[in-house]
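Subject: Handover of a protein structure

Dear colleague,

Please find below the structure that I am handing over to you. I would ask you to keep it open while you read the notes that follow it.

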Amino acid sequence: MGFPKLGHPPRITVVTWNVGTAMPPDDVTSLLHLGSSSDDSDRADMIAIGLQEVNSMINKRLKDALFTDQWSELFMDALGPFNFVLVSTVRMQGVILLLFAKYYHLPFLRDVQTDCTRTGLGGYWGNKGGVSVRLAAFGHMLCFLNCHLPAHMEKAEQRKDNFQTILSLQQFQGPGAQGILDHDLVFWFGDLNFRIESYDLHFVKFAIDSEQLHQLWEKDQLNMAKNTWPILRGFQEGPLNFAPTFKFDVGTNKYDTSAKKRKPAWTDRILWKVKAPGGGPSPSGRESHRLQVTQHSYHSHMEYTVSDHKPVAAQFVLHFAFRDDVPLVRLDVADEWVRPEQAVVRYRVETVFARSSWDWIGLYRVGFRHCKDYVAYVWAKHEDVDGNIYQVTFSEESLPKGHGDFILGYYSHTHSILIGVTEPFQISLPTSELASSSTDSSGASSEDEDDSTLELLASKSRSPSPGKSKRHRSRSPGLARFPGLALRPSSCERRGTSRSPSPQSRRLPRVAPNRGSDGGSQGNSEEGPPGLPGSWAFPPSVPQSLGLLPALRLETVDPGGGSSWGPDREAPASDSLSPSPQGQQGLEEGGLGP
């Protein structure tokens, strides 16, 4: 089965917003340009959202370690109905970067990695610094860098030093681009905190009120630095045809009326840089000048008043002279599943694809929000059907009951993304009520039926369910669901090998649902977790999947007094319980996982 191909140059929307520890607004449709026009020309294929000053007080950080923060939930809820899926996210205290893409582009996005660097308090505090997501998109190496640099007029040199520190410390693995500036295309954005020099408050406000913004451009610190700082050579920015985005009275469009009366400034910026042709071969192995970028729009959104900053959005069109658009895995599935025995998936892999024993195939509802938002899964077995064609089957108990539209996706452990997807297809299976009618006719008591629902998987399954799928995720921590959890320093910090640990940069331990002796898996059901015999035994995939907070890591403690699971511990025996690939129970309650 095929899926939509990119028939136009890729379009990317970049958003930056210092939210000032505020609660999210009710709607971000206009900010993301969703459904704003019947013309498809301004609709994005990828969206990068950089946030600064998300509430990171200790109580919020502990809650967000267990569940997704409310801002990330807001954007996933807004973008899901438009076929956007969260590709990757990274958080460093109040600095968050979210990267979304249309689900049918996922097979052409590979080698997803993240990093983050603290620069606050001499590098010990993450209130300032930068977080990044890099990936290969259609054969080109892209990097998105969200920064929050030091504030105040006199700190321009410190802002330069912080930016240089971020560029020098952030490194990525693999044969492709290792440093940020090694990528074919870099987007640099955030609350960069550059101010307007020389002019006093009255002149600045006069220029704004009279729409003579060009008089302020020459005294903008970032504009001046572009001509003098070597580190900014090659960075481009569109014209500042919108009013300065800082500082406003919260809840209004009035500039600061407090006693401080801060001077308005363009603190919130979006820049980009294409790797220079003379800068050596591009990471993709082709000449980088064959990638061209056109900025379609660049403006602020005055309608949002929850913060003292206004959000800024830019839309870009990428022109590729070449495009890698061959998926590594092609999935073939029937147009409709009306009987459990039809739940068979065949897939073909390209010879260049390096498979992993930890790859799996997920079943997703249309509108799913991220790669671990599946309703069922099976492990991608390695038994040949015919040459490079393989086949897996979803177990009957794992399939969702009733009628709905679904998508299948092949998740690559190596690339950390879905590298093969299908078009939507339908599943129409009898609901549990219809299935239980035969039990009613046999005279079984209602009490027996109720008790039978406690065992949600057949006894032959060794893998508990990812949890009942909920359309509305809870944002309140249900700690009773996670007995035995202990908060400990992250493994990266304990090892001392990371400058600024990133949830996305930590590889998951190779422990996941038991695959059984045949190398397959009993697919997971929507019906909820089964009863757990004896003491709870969680492998590392649970703590790894629950947290977005870089400075904390959730680990389980053996109720019997044994040591906790750790990245260097052996995997549980094949007959022990093991949750879904990335701890789906935590995901269904809002946690995104690494």
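The notes below describe what was found, from the whole chain down to single residues.

This is a predicted model, in which local features need pLDDT of at least 70 and side-chain atom pairs count only at pLDDT 80 or more, whereas totals for chains, interfaces and linings use all residues. Residues are numbered from 1 along each chain as its sequence is written, and side-chain values use heavy atoms, with hydrogens and water left out.

The protein as a whole

The protein has 594 residues, of which 56% are buried. Here buried means under 20% relative accessible area, exposed means over 50%, and partly exposed lies in between (1.4 Å probe, protein chains only). The accessible surface comes to about 24,100 Å², and 50% of that belongs to carbon and sulfur atoms; such areas come from the Shrake-Rupley method with a 1.4 Å probe, and for residues only the protein chains shown count as cover. The secondary structure consists of 12 helices and 23 strands. Of the contacts between residues at least 6 apart in sequence, 74% join residues at least 24 apart, where a contact means heavy atoms within 4.5 Å.

The sheet of six strands

An open sheet is formed by six strands in the order E3-E4-E2-E1-E11-E10, with mixed pairing. Two strands pair if DSSP finds at least two bridges between them. Strand E3 (84–92) and strand E10 (291–300) are at the edges with a single partner strand each, so one side of each has no neighbour in the sheet. From one strand to the next, the twist averages 15 degrees. Angles run from 0 to 180 degrees between N-to-C directions, and axes are lines fitted to C-alpha atoms, for helices over the stretch in contact.

Strands E2 (residues 46–52) and E4 (residues 95–102) run antiparallel and are joined by six bridges. Within this pair, Ile49 stands opposite Leu98 in E4. Helix H2 (residues 70–79) packs on the sheet, where H2 touches strand E1 (11–18), E2, E3 and E4, and its direction makes about 15 degrees with that of E4.

The sheet of five strands

Five strands form another open sheet, in the order E5-E6-E7-E8-E9, and its pairing is also mixed. Its edge strands, E5 and E9, each pair on one side only. Strands E6 and E7 pair in the antiparallel sense over nine bridges, and Val133 has Phe144 in E7 as its bridge partner. Strand E7 (residues 140–148) and strand E8, in contrast, run parallel and are joined by seven bridges, with His148 opposite Asp191 in E8. Strand E8 (residues 185–191) is mostly covered, as seven of its seven residues are buried. Helix H3 (residues 156–169) lies across E5, E6, E7 and E8 and runs at about 140 degrees to E5.

Salt bridges

A salt bridge is counted when a side-chain nitrogen of Lys or Arg is within 4 Å of a carboxyl oxygen of Asp or Glu. By this rule there are nine salt bridges.

One of them joins Glu73 to Arg369, with the closest N and O atoms 3.3 Å apart. Glu73 lies in helix H2 and Arg369 in the loop between strand E15 (360–365) and strand E16 (376–379), so the pair ties together parts that are 296 residues apart in sequence. Arg369 also forms a salt bridge with Asp77, at 2.6 Å between the closest N and O atoms. Asp77 is likewise in helix H2, 292 residues apart from Arg369. Arg369 is buried, with a relative accessible area of 6%, whereas Asp77 is partly exposed at 39%.

Lys226 and Glu237 meet in a further salt bridge (2.7 Å, N to O). Lys226 is partly exposed at 22%, while Glu237 is buried at 15%. Salt bridges with shared partners join Asp220, Lys226, Glu237 and Arg269 into one network.

A surface patch

Where on the surface is there a nonpolar patch? Leu121, Tyr124 and Trp125 form one, with about 430 Å² of accessible area together. Patches are made of residues with over 30% relative accessible area and no salt bridge, in which like charges are joined within 9 Å and nonpolar side chains (Val, Leu, Ile, Met, Phe, Trp, Tyr) within 5 Å. Tyr124 lies in the loop between strand E5 (109–120) and strand E6 (125–137), and Tyr124 is exposed, with a relative accessible area of 72%.

Yours sincerely

Technical notes. Helix = DSSP H or I, 4+ residues; strand = E, 2+ residues; numbered from the N terminus.
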